[in-house]
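Biologist: I'd like to walk through this one with you, a few questions at a time. Could you put it on the screen?

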Amino acid sequence: MQWSDEQCDAAITALFRIKETFDAGGRIPHRVYEPWLRVQKKFSTETVVFNQRGEIYLIQRPHSTVDPYSDLWHGPGVTHLPREFEPLAWKRLHESELGGCNLEGPHFVVAIEQEEETRGLYQLRIHIARTTDDLLHEDTQHRFFGADSLPPELVRSHRELIIPIGIAAAKARGWISY
């Protein structure tokens, strides 16, 4: 496949615009973000959070016409930003999705490569954590569920991989017995 000079110039401009946006701490528009995700291997920090009763904390994504996971439930997790290593990704996840609550953990469990149908290849870095108090925010889009009453509208990778792996790790640690 041959590229014209104009196509090369447009691609270079777009790549540098994405880099500058991330370097400035900004977010690229969803219309650009989704295709950008599909063309590269990504890393994500995923955490199955349990409370003292063994329930699992899930977050429902807001309704959106551009988010492929609109209205679906998932555990706390973030896709790493360019040049963002796991400790910084965990810190961002802890602050943005867990409100900085008190936790035991995170405890790293496993890294698994997974092809997401809508977003391409990911390395999922799966952790478990447990609340040490009852201060984790709950509302209609953030709440704890029993392992036997998880909502059916779960992101596939959370339903098939992340949550089952988290449950097995929590059992091995003696946090849960179901």
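**Salt bridges, burial and the overall fold**

Biologist: At what N to O distance do the side chains of Glu 160 and Arg 156 meet in a salt bridge?

Modeller: Bear in mind that this is a predicted model, where local features need pLDDT of at least 70 and side-chain atom pairs pLDDT 80 or more, while totals for chains, interfaces and linings use all residues. Numbering runs from 1 along each chain as its sequence is written, and side-chain values use heavy atoms, with hydrogens and water left out. A salt bridge here is a side-chain nitrogen of Lys or Arg within 4 Å of a carboxyl oxygen of Asp or Glu. For Glu 160 and Arg 156, the N to O distance is 3.1 Å.

Biologist: About how many helical turns separate Glu 160 and Arg 156?

Modeller: Helices (H or I, at least four residues) and strands (E, at least two) are DSSP runs numbered from the N terminus. Glu 160 and Arg 156 both sit in helix H4, four residues apart, so the separation is about one helical turn.

Biologist: Which residue joins Arg 156 and Glu 160 in a network of salt bridges?

Modeller: The structure holds eight salt bridges. Some of them form a network, and the residue linked there with Arg 156 and Glu 160 is Arg 159.

Biologist: Is Arg 53 buried or exposed?

Modeller: Buried means under 20% relative accessible area, exposed over 50%, and partly exposed in between (1.4 Å probe, protein chains only). Arg 53 pairs with Glu 55 in a salt bridge at 3.0 Å, N to O, and Glu 55 counts as partly exposed because its relative accessibility is 23%. Arg 53 itself has a relative accessible area of 55%, so it is exposed.

Biologist: Are Arg 125 and Glu 86 buried or exposed?

Modeller: The side chains of Arg 125 and Glu 86 meet in a salt bridge at 2.8 Å, N to O. That pair links distant parts of the chain, with Arg 125 in strand E6 (residues 120–131) and Glu 86 in helix H3 (residues 86–98), 39 residues apart. As for their accessibility, both are buried.

Biologist: Which backbone nitrogen does the side chain of His 158 reach?

Modeller: His 158 lies in helix H4 (residues 156–173), and it counts as buried because its relative accessibility is 5%. Leaving aside neighbours within four places in sequence, its contacts (heavy atoms within 4.5 Å) include Glu 46 and His 74. At 3.1 Å, the side chain reaches the backbone nitrogen of Gly 75.

Biologist: Which residue is joined to Gly 105 by a cis peptide bond?

Modeller: Most peptide bonds are trans. Here the cis bond has an omega of about 15 degrees.

Biologist: What share of the 178 residues is buried?

Modeller: Of the contacts with a separation of 6 or more, 65% come from residues 24 or more positions apart. Among the 178 residues, the buried share is 42%.

Key: A polar contact is a pair of N or O atoms within 3.5 Å; within protein, one must be able to donate a hydrogen and the other to accept it, and residues adjacent in sequence count only if both atoms are side-chain atoms.
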